[in-house]
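Subject: Structure for you to look at

Hi,

Here is the structure I promised to pass on. Please open it and keep it beside this email as you read.

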Amino acid sequence: MRFTCLVLLCLPCLLPAPIAAADRPNIILMMADDQGWNGTSVAMHPDIPGSKGEIYHTPNLERLAAQGMRFSAGYSPAPVCSPTRISIQTGKSPAQLHWTKAAPAEPGHKLTEPRLIKQISSSEKTLGELLQSVGYATAHYGKWHISGGGPEQHGYDQSDGDTGNENAFQYQDPNPVDIFGMADKAEKFMAQAQRDRKPFYIQLSWNALHASENALKATMAKYEQKLGASAGKRAAVAAITEDLDTGVGKVMESIDRLGLTDSTWVFYISDNGAGGGGGRGASLRGGKGGVWEGGIRVPWIVRGPGLPANSWCHTRVVGYDLLPTFCELAGVPADAIPKQVEGGSFAALLRNQGQGEVKRPRPELVFHFPHYQAADGPQSALLLGDMKLIRFLEDNHVELYDLAKDPGEQRDLSQTRSDEAAKLDRMLGQYLTDIDAQMPELNPDFDPSAPPPQRKGGRNAAGGQGGKGGGMKQGGGGAKGGAQGGAKGGNRGNQPAE
Ligand SMILES: [Ca+2]
């Protein structure tokens, strides 16, 4: 009897505490497509003038940054599209997932690219599923691009289906690439979740900057006037960038209108660096399709409850940190997160004025791209502290850069600091072994005297203008395809498949 009473007395303390609304904030992730680090009018580093684009006008992102925190060292998990998207959903690196490229393999090179399974597996526990498990209403709008039956098979209550680039092309003025349609759907979903008294997670995977020729006619005319009639693709990219920013503003207005500003986190990133090698005046080397900083370092802006206005975080974060971060914000128990997750939560940085480190299972970040697309052929990069090592897999030579002093990757230190380069290269090899990364293999049919294979993947195959001399060293095989794709604005036939 005494025992029973004791148990009854203790029952209340065995029940979970009621969760206050502030403990279950809403989360919105917005991801642009192919928007480079300097692809907006928001500076992404306080001391690097070229960290914003001179021709772009993105007033809503400026406002978001002014109200929140900019991460000057935010990285996409991959320099291309689908690998970044599956990495965000799973918290794992593209290398571990064996999905490291979106565009088709290019035959005829010295190395043969590994074969990829381009489907998210039903065995993956996704970000959407984890948030659903603690009562979140979840929606994914826009570009999914990782197959597997689409978002609703992977933890999302609502979505646009199993979409890729082509779905967006039908949307033209007055709703270019469905930017404003997506913003409307987001508002409806927020309002419904509010009526249902549920916290929500909405991922807006914008199709822009793809199909930039679909930009609003008025916006296009503005940039054609500003940049001259010959600007072509540059004017279209600037126009769709501004239209996208207008969509971001609409989502921000919806949050305000519904009274959710103080309980909603907004994250803004891009899925990879800019096509075309990063564009004019780029402060980073390279672009989409390669592991130079221009391919993987992306805009990264956060606004949320308690975050100081106009603040900065210089700690390195990566797209696969979002899953553990959102789980921590939403109250998902840590033991629900799969053991193979490589990201770490940066929620503590958000609580602590951007100060601190992200705790991941391993200290280094690896970007593994065993493919041909932009320049230089298959390559892998390891980032640790201020240093970045790149191994070029055709001949296994390495280069070493000090990102703190040389973010544009112009001064290779691999000869003067060879011990450090060797140490980081061993670490890279160990990582790739430990996670069973796929490697390219020697192509037995390779003919060095044959003309270079046609590049399929990238407009930036020639390296574009990725900083001083950025990407200029390659040329050769990359030059033809790159020049072709970049010059013609609006030719959908030239869109790489990502
Ligand atoms: Ca992309």
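Below is what was found, taken one region at a time.

First, a caution: this is a predicted model.

Start with Y320. This residue sits in the loop between β11 (317-318) and α11 (322-330). Is Y320 buried or exposed? Y320 has 30 other C-beta atoms within 10 Å. The cut-off for buried is 20 or more, so Y320 counts as buried. Leaving out residues up to four places away in sequence, Y320 touches P77, S87, I88, G91, K92, S93, E342 and G343. Look at I88 in that list. I88 and Y320 are 232 residues apart in sequence, yet their C-alpha atoms are 5.0 Å apart in space.

Next, helix α9. This helix covers residues 233-257, 25 residues in total. From first C-alpha to last, α9 reaches 36 Å, close to the 36 Å expected at 1.5 Å a residue. Helix α9 is mostly covered, with 18 of its 25 residues buried. After α9 comes G259, which has a positive phi, near 75 degrees.

Now the sheet. Four strands form an open sheet in the order β12-β13-β14-β15, and the pairing is antiparallel. β12 (365-369) and β15 (397-402) each have a single partner strand, so one side of each has no neighbour in the sheet. On average, neighbouring strands here are turned by 15 degrees against each other, direction ignored. Strands β13 (residues 379-384) and β14 (residues 387-392) are joined by six bridges. Within this pair, Q379 has F392 in β14 as its bridge partner.

Last, helix α13 (residues 418-434). It lies across β12, β13, β14 and β15. Its angle to β14 is about 65 degrees.

Best wishes

Terms used: Residues are numbered from 1 along each chain as its sequence is written. This is a predicted model: local features need pLDDT of at least 70, side-chain atom pairs count only at pLDDT 80 or more; totals for chains, interfaces and linings use all residues. Helices (H or I, at least four residues) and strands (E, at least two) are DSSP runs, numbered from the N terminus. A residue is buried if 20 or more other C-beta atoms lie within 10 Å of its own, exposed if 12 or fewer, and partly exposed in between; C-beta atoms are placed from the backbone. Two residues are in contact if their C-beta atoms, placed from the backbone, lie within 7 Å. The expected span of a helix is 1.5 Å times one less than its number of residues. Two strands pair if DSSP finds at least two bridges between them. Axes are lines fitted to C-alpha atoms, for helices over the stretch in contact, and angles run from 0 to 180 degrees between N-to-C directions.
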